[in-house]
Amino acid sequence: MMDSYFERRAEINQWIIRARWFYTGGILLIGFLTKIISQTNVDFSFLSMILIAASFTAVNLGFFFGLKKIRRIKSAAGLKILGSLEIGFELAAFILVMHMAGGIDSIAPIFFFITIIASSLIFGGRGAIATAALSSLLINLLVIFEYFNIMPHIERYGVSTLQYNSLSITLTTTITVSVFYVIIGIFSGYVEKLLELREKMLTEKSDQLKRENNLRQKELSKLDRTAKLLVRRDLELTLVNNQLNENIKQMEEEKEKTLTLISSFSTPVIFLDSGNILSLFNPSAGEILGIKKSDLGKKIDQADNFSLNNFAKIVRNKFAVKKIEDQQNNLAMEEAAIKYQGEDRVYKIMTAKVTEPDGDYLGTMKIFYDTTREKTIDNLKSEFISIAAHQLRTPLSAIKWVIKMLLDGDAGALSLEQQELLNKGYKSNERIIRLVNDLLDVSRIEEGKFGFEFKKTDFSEVLSAAISSVEDLIKKSNLELTVEKPDKLPKIFLDKERMIMVMQNLLSNAVKYTPEYGKIKISIQFDTKFLYVKIKDQGVGIPKKELPKIFTKFFRATNVVRIQTEGTGLGLFIVKNIIVKHNGTISLKSEEGRGTEVSFSLPIKEIAN
Amino acid sequence: MSTKAGTGFSQNPDAGQAGAEACKKAMAKVVQPELIIVFASVKYDQEKLLSGIRRISGATPLIGCSDAGEIVTEGSKEKGVAVMAIESDKIDFITANGGEINGQPRQAGEKLAQELKNKGKNKLSCVMMLSDVLTGNGADIVRGAQEKLGDEILLFGGAAGDDFAFKKTFSYLNDQVLTSSLVGVGLMGKFSIGIGVRHGWEPIGLPLKVTKSAGAVVQELNNKPAIRVYEDYFGKQAEEMKKEPLAKMAITYPLGMKIKASDEFLIRDPITVDSQGAITCAAEVPVGAEVNLMIGSKEEAVAAAKKAATIAKEQLKGAAPAAILMFNCIARCKLFGRYADDEIKAIKSVLGEKVPLIGFYTYGEIAPFGISGEYRKAYFHNETAVVIAIGEK
């Protein structure tokens, strides 16, 4: 704002300096004309006129350059000084011209109006009045000086005029002119003030507009920048969104494929999401289990590791379920009999947790394998074995007694050769009887007819009975049997006959597979809850990969099949079933070529059922 | 009898079967079709597709083009074939061929218009044209055709597509498959028509002055390479623009120009950019025009489509719509993503749920801003929804 005010002042000054070129010429012209046309200014020579005008011009030239410099350095004080110099110089020049042109007789007093107006432009109202006063003082002094001859009076018309003959007339004129000076000074000062006020207002307004405009520009460019940022964000979102749409589309296609695949399975499949909510089942599951579309979204209880029993509210077809074990992996397995279209179907149910490759839990899947046919065949097989074994037992017993009688010499003395042959026959027959008995036990176990008679018994009785049955064999093979047990054993509920069978089986295995001069160790311990029995041998051991199958029916380890042709592969199966019936557990550790250790435990407290 | 239409759509992987299926469905409700309209994906062998349609349609006049997505009564589709069959005792149809555009868009427009005028005598009342714009400035085609037809005849239509590949488009005229060409159909008779044109895009940021351009190629904006506008706005992501056609990213941020004929900006799709940074648009952008980057939202776009349908309905002046045609920019489909059906639903909610509708996703739309007075002259639009409702007087 200050800048534009200064500029405006400087411009006025410049305008006055420019005007000065013209009125200098104008005044010079008036001087020439009055001298030529009206024969006045007798003593004011052309030369002095030109000299005065020339020096006036020269000084004005100085002002011109001075102003240029002031404008360059933008000095407000400089501008003021320049203005005062101009006014002072102009007043001096005009009083000189007035003096030369004949004092009060000349028209020179009117020149002072120029200076008064100029000073009003440069300095405003007060400046104009001051200049008017100064001008008045100058002309009055000039006239008085000339009248009293303090300085010479140059006669304009070559003769002394009336004015200079009477001081009162002279002063009347100069005072009248002075009054007009002041009046003009006041007016022009007032006009200038008005102008200046308006100018100030305009300047302020324009400055304000400029500022506002700048502000708007700044705001706009800020908005533009914001717009760009927003577009960037929008673009980013759009791109991500497009990618997302693409992915969703792919996922939907994948899902459709998977659904079609699962739907076409004839094996029933149920899927629960991570919140245990039924989220998927295939048509086969719907039909065989009796699940309806409206069941989707129902929550399933997790208890008992998602046993089928937990699904009772959505599985509408009748079913009965029992746990089965699968040692090969840790999946919970169940076997269910489901009534479907009037017939009983048997399903092996596998329950698996579904996880993403990175381990995120997605839900639980239940797959129902139809084992109805296998089960039927298995039952037929068991039945066949049971019948066959029963039918074999009576003739085998007859054969046994016949050979026994022959060997005892009841039918006459036998030659050594005959005795040997009959002995072989007797032993083979015994083996068959054992196999048939084992088979019968197995089928009884499978049919649930393997009866037990639990009585409070001292396990020492079981132990000695079992040991005495293998004593002969131990001696024969020169084995060393050690028994490590506390003096007193607690009495526990068990079926003595069956438990002797267990110990006999395990001991005969140990004896059978331990080479001559080997060691067998039986150790018995107990705590408040269990009795622990361990039988350790130095036998051939069991190959590691066959260990999981060791308690299954008809299984014989490959290494023993090679060395020992005798053996049914039923012993451990029967042993395990007896131990389990006693609510005990049995396990087996073995290292091929080094020996085997069988451990089982029996609860000391009463046995349920 | 009156005016009746039926539509059919198929995505059968076999071109011939797809064509036949869609045509059969379209003709199911029509006794004696007088015009068959076909819009189809370039994924099909075009000849086999057309012969499949012709097996069913016989010699009925046929017009159509390849597209970047189909629109049928059921909603927005892609990679299929859409067919509409129309029969009417009020409207007569005449077809014409403007030939290959081949860098002479104006001449093609003039040729098409002349042929239609010759065939239609003085009875022609409106023209639908389907054009390629990959080989010529769409605005020039429109100008050539409109000037030859005169301002009295309404001109509308769309620019053929090729599933967003921007390589080559096809058009169908009776038994012929044409490449990079202009085809059209003239409508004559007593019927009423409503045309709604809206887009819903809004300008964003400060306007930029076009300082150098030639037809559809904008070389400089504010004395800087034109592509600078996208670099400025896209920031880091702008790098991606260089790897793919500009349109892929910029299509949802088109340029817009202020025009007198509408309160909405006239949109220009950026398609490609050259090494000097000059942007080729889908139609001309004159020097001196002020352009803005435009931004859209699903909501605004749906509202715009609905407005277009409302305008079309108002112009029918109470007549019941018998068929709806829609020329909808592919950019809108991209903007909507999975929600493209929302727009079609909005249109149907105004013009009637059961009125047969056919349309396609275009590379440009042709339509006047109104049907009366100074607004009758057609413009070439981008990123705009053009809804045409045909009704009976």
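Predicted model: local features only at pLDDT ≥ 70, side-chain atom pairs only at ≥ 80, totals over all residues.
B:Glu383 sits in the loop of chain B that runs between β25 (378-381) and β26 (385-391), and its phi is positive, at about 55 degrees, although the residue is not a glycine.

Next, move to chain A and select A:Asn276, which you will find in the loop between β1 (269-273) and β2 (278-281). Here too the residue is not a glycine, and yet its phi is positive, at about 65 degrees. Is A:Asn276 buried, exposed or partly exposed? It counts as partly exposed, because A:Asn276 has 16 C-beta neighbours inside 10 Å.

Stay in chain A and select A:Glu566, in the loop between α13 (558-563) and α14 (571-581). A:Glu566 has 11 C-beta neighbours inside 10 Å, so this residue counts as exposed.

Finally, show both chains together and turn to the contact, to which chain B gives 14 residues and chain A gives 14 residues. On the side of chain B that touches chain A, the elements that give two or more residues are β14 (202-214), α5 (228-234) and β21 (290-295) of chain B. If you colour this side of chain B by class, you will find 7 nonpolar, 5 polar and 2 charged residues.

Terms used: Residues numbered from 1 in each chain as written. Chains lettered and ligands numbered in written order. Helix = DSSP H or I, 4+ residues; strand = E, 2+ residues; numbered from the N terminus. Buried ≥ 20, exposed ≤ 12 C-beta atoms within 10 Å, placed from the backbone. Contact = placed C-beta atoms within 7 Å. Nonpolar A, V, L, I, M, F, W, Y, C, P; charged D, E, K, R; others polar.
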